[in-house]
Amino acid sequence: MQKIYAPNKSDWDVLLERPTQTVADIEGTVLAVFDAIKAKGDEAVNAYTKQFDQVTIDTILVSADEIAEATTLIDDELKEAIQLAKNNIEVFHKAQKTSQVHVETTTGVACWQEKRPIQKVGLYIPGGTAPLFSTILMLAVPATLAGCNEIVLCSPPNKEGKIHPAILYTAHLCGVTTICKVGGIQAIGGMTFGTASIPKVYKIFGPGNQFVTVAKQLATKFSVAIDMPAGPSELLVVADDTANPAFVASDLLSQAEHGKDSQVILVTTSKELMSAVAEEVITQCAVLPREEIATAAIANSKMIYVEDDATAIELINLYGPEHFIVCVEDEDFYIDNIVNAGSVFIGNYTPESAGDYASGTNHTLPTNGYAKQYSGVNLDSFMKAMTFQKITAEGIQTIGHAIEKMAAAEGLEAHKNAVTLRLKSLQ
């Protein structure tokens with residue numbers, strides 16, 4: 001990891017750049033795939049699966065027999081772990097339910113808000129270099145709690161044309177209604193336009209590589225909503241001399257092993273800690289099964305020394321990390337002053353991987369600086385807020401004249417007339 005000492009603020013923007021391609025770099029490829037799927041449906045999806053994943057599949061849809069087989073391939077301890085995580089995620093997301101908001105804004109004018117589920121949602125589950133069945137828990141559990149009617153899951157097949165059994169088991173456990181053996185741009189295209197096998201959805205959720213991220217963003221041009229631009233994983237740790245260097249290094253590597261385009265950053269007020277963490281990263285990385293991936297990500301990553309906490313939090317808020325770990329003596333300073341982060345992990349015994357799996361919070365979070373304007377996935381992500389109003393005769397008499405005056409001032413005579421007719425009927 002590159003070490004940087006007390007960088008000038010004028011250099012911060014360049015220093016904090018992500019190692020990702022822009023939409024413009026990938027847009028042409030995505031739109032070409034989209035056009036083919038619109039024209040040829042499943043045929044195009046299968047062709048791109050063969051091209052991008054180097055596998056030919058007989059059928060896109062996962063069968064009941066495949067799900068049953070997957071259940072037998074998962075050992076009991078993993079099933080128990082998945083169930084524990086599911087329970088905690090359910091507890092946290094159930095607590096996010098809100099009741100109807102009902103007020104009488106003035107005499108005779110009742111307004112209220114109720115939430116309704118999005119009927120059809122699509123879940124993208126990465127499965128290339130790692131089968132992220134934990135993401136199913138993070139998406140399908142709140143989708144089910146929200147009451148979504150159709151939950152469509154897409155995940156790339158392996159070289160044998162199958163989806164990892166843990167993904168199938170977890171999807172079935174969490175109430176997914178359709179599972180498709182398709183990944184990448186073609187999965188997003190399939191859920192955007194619909195094919196004979198892949199249902200069209202109203203909103204797409206889930207993280208992915210840069211191609212998936214751009215495909216999701218471009219899907220919004222075709223009347224499909226997305227959760228957020230969730231691309232390559234990233235993590236920022238702020239630490240001082242009270243932090244455990246081995247813990248800090250393990251957290252950095254836990255995100256670095258996601259993919260070669262991941263990025264991790266250490267911000268610290270201690271040069272001694274920086275050196276100790278650097279040594280731990282080398283030692284721990286050397287024994288990781290995904291050493292090659294982690295090493296590539298570490299090359300994109302930085303250790304930044306700053307002189308005080310005030311400078312550190314200003315830099316961190318500019319970066320807007322997906323995951324933010326706080327391992328410092330004055331935790332409250334960072335908790336109170338962080339405004340741009342997807343999810344915050346506090347203290348030496350709160351690894352980011354807890355949020356990835358089993359603490360209960362959601363791990364589908366905004367990356368690439370989008371934490372400045374996006375929230376992570378939550379129960380409301382799967383719902384729409386609808387407003388209602390009912391006005392009595394007394395109510396329209398109370399606000400009617402104001403409506404007439406405002407409509408006339410905007411030159412919208414029909415708007416005014418809709419009120420005037422009612423007021424006259426009450427004279």
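This is a predicted model: local features need pLDDT of at least 70, side-chain atom pairs count only at pLDDT 80 or more; totals for chains, interfaces and linings use all residues.
The chain contains 17 helices and 14 strands. Its C-alpha trace spans about 85 × 60 × 45 Å along the principal axes. Of the 427 residues, 48% count as buried. Among contacts with a separation of 6 or more, 75% are made by residues 24 or more positions apart.

Helix H2 covers residues 23-40, and helix H3 covers residues 42-53. The axes of H2 and H3 come within 6 Å and cross at roughly 140°. H2 is therefore oblique to H3, since the label of roughly antiparallel is kept for angles over 145 degrees. On the H2 side the contact uses Ala-32, Val-33, Ala-36, Ile-37 and Lys-40. On the H3 side, Asp-42, Glu-43, Ala-44, Val-45, Tyr-48 and Phe-52 meet them. Sorted by class, the contact of H2 with H3 holds 8 nonpolar residues, 3 charged residues and no polar ones.

The second contact joins helix H4, residues 64-73, to helix H7, residues 165-173. Here the axes lie 8 Å apart and the packing angle is about 110°. Because angles of 65 to 115 degrees count as roughly perpendicular, H4 and H7 are given that description. H4 contributes Glu-66, Ile-67, Ala-70, Thr-71 and Leu-73, while H7 contributes Pro-165, Leu-168, Tyr-169 and His-172. By class, the residues of the contact of H4 with H7 comprise 6 nonpolar, 2 polar and 1 charged.

Aromatic rings come next. A pair of aromatic rings is described by the distance of the centres and the angle of the planes. With ring centres required to lie within 6.5 Å, the count comes to 10 aromatic pairs. One of them is formed by Phe-34 and Phe-222, with 6.0 Å from centre to centre and 75° between the planes, an edge-to-face arrangement. Phe-34 belongs to helix H2, whereas Phe-222 is in the loop between helix H9 (210-219) and strand E8 (225-226). The two residues are 188 residues apart, and their pair links distant parts of the chain.

Phe-222, at 25%, is partly exposed, because buried means under 20% relative accessible area. Phe-222 also pairs with Phe-193: the ring centres are 5.0 Å apart and the planes are at 70°, so this pair is edge-to-face.

The charged end of Arg-18 sits over the ring of Tyr-319, at 3.6 Å from the ring centre. For Lys-271, the charged end sits over the ring of Tyr-305, and the distance to the ring centre is 5.1 Å.

Two residues have backbone angles to note. Gln-54 is not a glycine, yet it has a positive phi of about 55°. This residue is found in the loop between H3 and H4. Its relative accessibility is 51%, so Gln-54 counts as exposed, the cut-off being over 50%. Asn-368 likewise is not a glycine and has a positive phi of about 60°. Asn-368 sits in the loop between helix H15 (352-357) and strand E14 (383-391). At 37% relative accessibility, Asn-368 counts as partly exposed.

With a relative accessible area of 35%, Asn-337 is partly exposed. Leaving aside residues up to four places away in sequence, Asn-337 touches Ile-313 and Asn-317. Asn-337 and Leu-426 are 89 residues apart along the chain, and their C-alpha atoms are separated by 56 Å.

Terms used:
Residues are numbered from 1 along each chain as its sequence is written. Side-chain values use heavy atoms; hydrogens and water are left out. Axes are lines fitted to C-alpha atoms, for helices over the stretch in contact, and angles run from 0 to 180 degrees between N-to-C directions. Helices (H or I, at least four residues) and strands (E, at least two) are DSSP runs, numbered from the N terminus. Angles under 35 degrees count as roughly parallel, over 145 as roughly antiparallel, 65 to 115 as roughly perpendicular and the rest as oblique. Contact means heavy atoms within 4.5 Å. Ala, Val, Leu, Ile, Met, Phe, Trp, Tyr, Cys and Pro count as nonpolar, Asp, Glu, Lys and Arg as charged, and the others, Gly among them, as polar. Rings of Phe, Tyr and Trp (its six-membered ring) pair if their centres lie within 6.5 Å; planes under 30 degrees apart count as stacked, over 60 as edge-to-face and the rest as tilted. Buried means under 20% relative accessible area, exposed over 50%, partly exposed in between (1.4 Å probe, protein chains only). A charge sits over a ring if NZ of Lys or CZ of Arg is within 6 Å of the ring centre and within 35 degrees of the ring normal.
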